[in-house]
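Here is a friendly walk through the model for someone opening it for the first time. Please keep the viewer at hand while reading the points below.

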Amino acid sequence: MTKVFQAGSAESVTALDEVSLAIRDNEFFTLLGPSGCGKTTLLRLIAGFEQVTQGNILLFGDDVAGLPPHKRPINTVFQHYALFPHMTVAENVAFGLRMLRRDKAEIRRTVETMLTLVKMPELADRKSSQLSGGQQQRVALARALANHPRVLLLDEPLSALDLKLRQEMRLELKTLQRETGITFIFVTHDQEEALTMSDRIAVLQAGRIQQVGTPDTIYEQPANSFVANFMGETNLLPAVLGTAERDMISCLLEGGAEVLAQPVGNEAAGSRVTLSLRPERIVLSADPGTGLAGRITDRLYRGTDTSYRVKLEDGPELLVYEQNVADRSSGMSAGNSVGVLIAPGAARILVS
Amino acid sequence: MRTGPRTFDLRRYPGFGFMAAVCLGLLYLPLFVLVFFSFNERRSVSNWSEFSLDWYAKALANDAIRQAATNSFLVATVATVAATILATAAALATTRVQRFRGLTASYAVINSPLMVPEIVTAVALLSFLSLIGLKLGVGNVMIAHTVFCVPFAYLPIRARLHGMDTTLEQAAADLYADPVQTFRHVTLPMLMPGIVAGAALAFVISLDDFIITQMVASAGATTLPVYIYSQVRMGVTPEVNAVSSMLLGVSIIIVSMAVLLRRKETA
């Protein structure tokens with residue numbers, strides 16, 4: 001589908017350009033991208049707050065693109081929760097069911113179940129304006145889930161919480177999704193959130209889908225340099241393809257260092273490509289004689305690991321993460337010469 | 001060195017106390033005198049004799065005053081209800097829609113009664129109503145009051161709507177509320193403080209209007225301010241003071257109620 005804002009006018013903005021996605025039943029699906037990439041627009045199209053310019057939205061086979069939001073069996077958890085401040089927690093949770101004209105006893109039961117599910121049954125009679133951010137978050141979840149939607153949309157629901165609570169809620173959301181069996185479509189700009197929670201991720205940039213896949217596929221086999229760079233840290237290195245040796249292809253970095261990577265297509269020898277090399281896949285050795293010769297230019301202690309900048313001889317500078325598993329600080333400070341080991345297949349050839 | 005904004009002690013401004021005293025005196029002293037002499041026993045509004053409620057009793061027993069008061073409250077009630085409904089609709093139409101060409105112009109049109117000199121509106125209404133031959137007595141006054149009350153009701157309602165997040169309405173739609181239900185269960189309750197403020201303002205403005213009413217009101221459709229004016233021309237008596245004091249009292253009560261209601265809403 002395509003979404004154009006202010007179509008036909010001079011200020012027309014194409015927010016989504018021929019986006020096509022198939023999201024599976026019972027899936028925790030994440031739309032990931034930087035701000036302005038179109039992920040929220042996509043969510044609003046699915047919810048019905050925006051109308052598609054071209055294309056359709058199929059929900060279990062039915063086209064819902066022309067339906068107003070209140071006729072779609074989809075519910076949303078809004079970024080700032082959008083709880084009704086003039087209602088109590090229970091009234092908020094009951095709102096959807098009341099609008100669907102369910103009977104009173106059933107509504108009462110469901111509200112109770114939902115508040116227990118999100119672990120706050122004792123706050124049913126509080127006004128929603130008297131709740132903390134984390135509590136509001138849970139009420140918003142309960143309110144959306146109470147209607148047993150076919151699809152639950154979550155618009156960066158964790159972004160307003162502090163770090164500890166955010167990490168806790170990640171697990172809880174994942175558990176809720178598994179327990180309810182509802183398809184979750186989760187929007188975020190936080191790649192760590194996306195990696196830890198999702199069954200599959202779609203990476204968006206500039207209104208186009210860059211890659212769709214499982215978290216490990218997206219991280220380990222990024223389709224292009226945008227995905228590689230957006231999903232955590234990476235070294236993007238220009239290289240020239242050499243000849244294939246067994247199942248690996250030799251790639252020559254600037255300065256002549258050779259790295260072995262898995263071939264991705266049928267690129268001809270001599271063509272210029274970009275390699276993505278994750279900092280944690282590089283191993284440093286205090287003995288400059290092993291692997292490629294390099295020199296540490298910078299060292300940063302980061303708790304679980306140490307980050308190094310290593311300049312290859314006549315070649316590019318690499319970012320390297322070494323886990324702080326044992327005391328190996330000797331000979332690994334700035335200015336020292338080291339050996340840089342890059343295992344075959346550690347680098348990934350990017351198509352574009 | 002200055003660190004952050006400084007707060008000044010008002011008393012350290014030379015002449016502040018004097019200016020404040022002059023302003024407050026000019027505002028409240030006449031009102032105080034008016035109310036004071038409404039309790040005078042003698043038929044004078046300048047020489048005090050002794051305390052009495054006779055003039056209140058007299059005013060309340062006066063048929064002309066009772067008729068005028070009834071008209072005033074009837075007109076104010078009808079005008080307030082009509083103006084508040086129109087103002088709410090106008091506020092929704094100027095905030096809850098996509099921006100359109102002429103949106104700014106429509107603010108000006110809605111608020112024009114605030115800018116147009118009242119005497120001009122009065123004369124215009126008078127000639128227009130007689131041109132179309134509308135002779136509804138008090139009804140004419142009600143129509144005229146509704147017209148000039150709209151912007152007073154509109155401003156607080158629009159301010160409230162403007163500050164209200166549209167995502168709440170989207171959340172309601174997301175939770176299966178159709179547009180009518182969304183308005184009834186979400187927009188309207190959230191808007192209530194603005195509506196109460198707007199209605200209170202409209203009521204007080206209508207109750208107090210003189211120029212337009214004087215022009216539009218036919219015999220028998222006299223309101224309190226018009227009656228008071230006609231009496232004053234024959235000389236001020238403590239009876240006029242008593243009526244004016246009661247009018248003042250009603251205005252104060254209505255405005256205070258609106259303020260209290262709003263405070264309760266936000267608490």
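1. A definition to begin with: two strands pair if DSSP finds at least two bridges between them. Helices (H or I, at least four residues) and strands (E, at least two) are themselves DSSP runs, numbered from the N terminus. With that in hand, look at A:Leu153, which stands opposite A:Ile185 in strand 8 of chain A.

2. A word on conventions. This is a predicted model, in which local features need pLDDT of at least 70 and side-chain atom pairs count only at pLDDT 80 or more, while totals for chains, interfaces and linings use all residues. Residues are numbered from 1 along each chain as its sequence is written, and chains are lettered from A and ligands numbered from 1 in the order in which they are written.

3. Now the overall view of chain A. Its secondary structure comes to eight helices and 20 strands, and its C-alpha atoms fill a box of roughly 75 × 50 × 40 Å along the principal axes. Of the 352 residues in chain A, 37% are buried (20 or more other C-beta atoms within 10 Å of the residue's own, with C-beta atoms placed from the backbone; exposed means 12 or fewer, and partly exposed is in between).

4. Chain A is divided into domain 1 (3-228) and domain 2 (236-350), with bounds that come from an automatic or database domain assignment. The C-alpha centres of the two domains lie 39 Å apart. Five residues from domain 1 and five residues from domain 2 make the contact (C-beta atoms, placed from the backbone, within 7 Å).

5. Back to the pair from the opening point. Strand 7 (residues 151-155) and strand 8 (residues 183-188) of chain A pair in the parallel sense over five bridges. Which order do the six strands of the open sheet in chain A follow? The order is 6-7-8-3-9-10, with mixed pairing. Strand 6 and strand 10 (208-213) of chain A each have a single partner strand, so one side of each is left without a neighbour in the sheet. The twist averages 20 degrees from one strand to the next (axes are lines fitted to C-alpha atoms, for helices over the stretch in contact, and angles run from 0 to 180 degrees between N-to-C directions).

6. There is also an open sheet of five strands in chain A, in the order 15-19-16-17-18 with antiparallel pairing. Its edges are strand 15 (282-285) and strand 18 (317-323), and its twist averages 45 degrees from one strand to the next. Strand 15 pairs with strand 19 (residues 337-342) of chain A over four bridges; A:Leu284 has A:Val340 as its bridge partner in strand 19 of chain A.

7. The largest nonpolar core has 96 residues, and A:Leu153, A:Ile185 and A:Leu275 are among those with the most contacts inside it (such a core is a set of buried Ala, Val, Leu, Ile, Met, Phe, Trp, Tyr and Cys residues joined through C-beta atoms within 7 Å). This core draws at least three residues from each of domain 1 and domain 2 of chain A.

8. Finally, 16 residues of chain A are in contact with 14 residues of chain B. Helix 2 of chain A gives the most to this side of chain A, with three residues.

Terms used: Two residues are in contact if their C-beta atoms, placed from the backbone, lie within 7 Å.
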